[in-house]
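Here are a few notes to read alongside the structure.

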Amino acid sequence: AGPLLAGVMGPDLNHWVPCIIDSTVKLVAVIVASYVQALISAFYSGLRGGRLFARGLFNIAAERGWMEHMPDCVASKPFDPDQSYLDEAVAYPLAAAGFYVQLTSGFALALPWNILLLPLSLVEWFLRWQVYT
């Protein structure tokens, strides 16, 4: 790429070729790293959201006595989410759905939320700018 860029720029601007190549490579690396970090954050957010929902759902079900009506093969008595796979059976499909929604939406907020959360989005953009520069 260096000789091609040097030929395009001409002899007067040849001294800028290494700087342009270096800056372009760094910019591409930052963009790729940002996208990978967004993927990691979306995956973790999906897992955390699914686990929080499942834990809350089974806490409400236990408080209302619904877990006592479940067969012993599904939920032991008294129900302990740390000793059961039932909460994971609810959490992980929700986590996968949450990750899929974030991935297909391009990590952007939907219409009513993007307006309501615009101040927080501005803060996020400012923080990203501070990290990237």
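Predicted model: local features only at pLDDT ≥ 70, side-chain atom pairs only at ≥ 80, totals over all residues.

1. Residues are numbered from 1 along each chain as its sequence is written, and side-chain values use heavy atoms, without hydrogens and water.

2. Start with helix α1 (residues 2-9) and helix α2 (residues 17-63), whose axes lie 10 Å apart at an angle of about 125 degrees. Helices here are DSSP runs (H or I, at least four residues), numbered from the N terminus. Axes are lines fitted to C-alpha atoms over the stretch in contact, with angles running from 0 to 180 degrees between N-to-C directions. The pair α1 and α2 is therefore oblique, and their crossing is right-handed.

3. Which residues make this contact of α1 and α2? On α1 they are Gly2, Leu5, Ala6 and Met9, and on α2 they are Val17, Ile20 and Ile21 (contact means heavy atoms within 4.5 Å). By class there are six nonpolar, one polar and no charged residues.

4. Next, follow α2 to helix α3 (residues 86-104): the two axes come within 7 Å and cross at roughly 145 degrees. This crossing is right-handed too. The contact of α2 with α3 has 17 nonpolar, four polar and two charged residues.

5. Finally, look at the largest pocket, with a volume of about 540 Å³. Of its 20 lining residues, Ala38, Phe107, Ala108, Glu124 and Arg128 are the closest to its centre. α2 gives the most to this lining, with seven residues, and α5 (118-132) supplies at least two. The lining has nine nonpolar, nine polar and two charged residues.

Methods
Parallel < 35°, antiparallel > 145°, perpendicular 65-115°, else oblique. Left-handed = near helix turned anticlockwise from the far one by under 90°. Nonpolar A, V, L, I, M, F, W, Y, C, P; charged D, E, K, R; others polar. 1 Å grid on protein atoms, 1.4 Å probe; cavity = no way out; pocket = protein on both sides within 12 Å on 5 of 7 lines; lining within 4 Å. Points joined across faces, edges and corners; volume = space filled by probe spheres on them.
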